[in-house]
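These are my notebook entries on one chain, written down in the order in which I looked things up.

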Amino acid sequence: MRPAIRLASLTAAGLGLCLLIVSVVAQPPRLRRHTAEQARPLDLEPAYRKAPVESSVRVTEQGEVRIIHANGIPEHRVGAFPNRGNPHRISAQRYTFQVPLSPEQTGRLTALGMHDWGVAVNGVPFDPGAAEFWQGKRNSGWQYEALAGAVPLGLDANHAHVQPSGAYHYHGLPVGLLEELGFEKGRHSPLVGWAADGFPLYAALGYSDADDAQSPIKVLRSSHRLLEGNRPGGRQGPGGTYDGTFVQDYRFVEGAGDLDACNGRFGVTPEFPEGTYAYFLTEEWPVIPRCYVGTPDSSFFRRPGRPR
């Protein structure tokens with residue numbers, strides 16, 4: 001199954017006495033045109049550099065909400081940016097994320113759009129979806145999976161890279177952060193972050209019996225599996241074998257793993273001994289969840305003019 005990830009970012013011009021004001025309306029960037037149909041091993045940039053700005057994150061509770069103020073800069077080492085697959089430089093952001101302290105399940109699933117799924121405890125967003133589509137067409141129905149390697153995105157060893165705005169963000173397991181948090185086999189995952197709907201996020205390791213904190217620790221598996229056979233070709237699709245190149249190469253198979261369609265389950269955790277719904281990062285796809293069981297807060301949505 002791919003990807004299998006191991007635990008181990010006008011001026012006014014004077015002309016004589018005249019001042020010409022040129023206003024420019026921001027246009028969405030043109031999408032790159034891709035025709036790749038085969039997954040490739042990820043070529044990750046080594047993460048050996050200190051981020052260019054000091055990390056800043058502050059978490060407060062006010063009324064019924066948890067508020068995360070952050071500049072999106074991690075304390076752990078990062079890759080070299082710009083690089084061959086990513087031309088952007090890391091820069092500080094001005095994030096204010098808000099999630100409910102007592103989140104509730106809605107009884108339906110809400111699919112992740114092209115926005116941040118959640119935020120790590122270090123203030124760096126989880127943003128699994130790549131803005132890369134077959135033939136550069138959003139309406140093609142075929143979105144490239146960021147961790148499949150078919151399209152070079154310049155990811156570093158933390159499975160992260162940089163948006164045009166300078167925002168560093170995770171597309172997969174945040175290796176450096178997990179090391180900082182003391183993640184280790186044989187122990188329940190530490191709290192890694194919060195989803196946009198307010199439920200907690202952990203990484204892969206949980207109790208084998210979701211309701212028993214004394215049960216052995218196990219690697220929790222996703223219940224998503226690759227489709228079998230070949231994708232439609234011609235005008236309907238890229239063709240080729242279902243191998244994880246595209247998000248649409250996967251389907252949810254209830255009971256195939258330990259987690260539900262949103263990579264979560266209800267159970268006890270060290271922070272919630274009475275039980276809570278919780279999401280988990282996994283080694284296999286989707287790695288970062290791609291939907292919500294609650295209502296995502298609008299502070300995670302991208303809006304024109306909002307600092308990102």
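**Disulfide**

I began with the cysteines: Cys 262 and Cys 291 form a disulfide, with their sulfur atoms 1.9 Å apart, where a disulfide is taken as a pair of cysteine sulfur atoms within 2.5 Å. By this rule I count 1 disulfide. The pair links distant parts of the chain, 29 residues apart, with Cys 262 in the loop between β16 (250-252) and β17 (264-267) and Cys 291 in strand β19 (residues 291-292). The torsion about the S-S bond of Cys 262 and Cys 291 is about -125°, so I noted the disulfide as left-handed. I also looked up the burial of both partners: Cys 262 is buried at a relative accessible area of 0%, and Cys 291 is buried as well, at 9%. For these entries buried means under 20% relative accessible area, exposed over 50%, and partly exposed in between, with a 1.4 Å probe and protein chains only.

**Basis and confidence**

I note that this is a predicted model, in which local features need pLDDT of at least 70 and side-chain atom pairs count only at pLDDT 80 or more, while totals for chains, interfaces and linings use all residues. Residues are numbered from 1 along each chain as its sequence is written, and side-chain values use heavy atoms, with hydrogens and water left out. The mean pLDDT of the chain is 90, and 88% of its residues reach 70 or more; pLDDT is the predictor's confidence in each residue, from 0 to 100. Over residues 1-27, however, the pLDDT is below 50, and this stretch has 51 contacts in the model beyond near neighbours in sequence, contact meaning heavy atoms within 4.5 Å. The pLDDT also stays under 50 over residues 304-308, for which I find 16 contacts beyond four places in sequence.

**Whole chain**

The chain has 1 helix and 19 strands; helices (H or I, at least four residues) and strands (E, at least two) are DSSP runs, numbered from the N terminus. Of the 308 residues in the chain, 51% are buried. The chain exposes about 15,400 Å², of which carbon and sulfur atoms supply 50%, the accessible areas coming from the Shrake-Rupley method with a 1.4 Å probe, with only the protein chains shown counting as cover for residues.

**Tyr 292**

Tyr 292 lies in strand β19 and is buried, with a relative accessible area of 0%. A polar atom of the Tyr 292 side chain lies 3.4 Å from the backbone oxygen of Asp 116. The C-alpha atoms of Tyr 292 and Gly 198 are separated by 9.8 Å, although the two are 94 residues apart along the chain.

**Asp 243**

Which partners does the side chain of Asp 243 reach? Asp 243 is in the loop between β15 (224-226) and β16 and is buried, at 16% relative accessible area. Its side chain reaches the backbone nitrogen of Ala 39 at 2.9 Å, and a polar contact of 2.8 Å joins the side chains of Asp 243 and Arg 231. A polar contact here is a pair of N or O atoms within 3.5 Å; within protein, one must be able to donate a hydrogen and the other to accept it, and residues adjacent in sequence count only if both atoms are side-chain atoms.

**Backbone exceptions**

Most residues other than glycine have a negative phi, and most peptide bonds are trans. Against that, I noted a cis peptide bond from Phe 81 to Pro 82, with omega near 5°, and another cis bond from Trp 285 to Pro 286, with omega near 15°. Pro 82 is in the loop between β4 (65-70) and β5 (95-100), and Pro 286 is in the loop between β18 (276-281) and β19. His 159 has a positive phi of about 55° and is buried, at 4% relative accessible area. Ala 204, in the loop between β12 (200-203) and β13 (205-207), has a positive phi near 65° and is buried at 0%.
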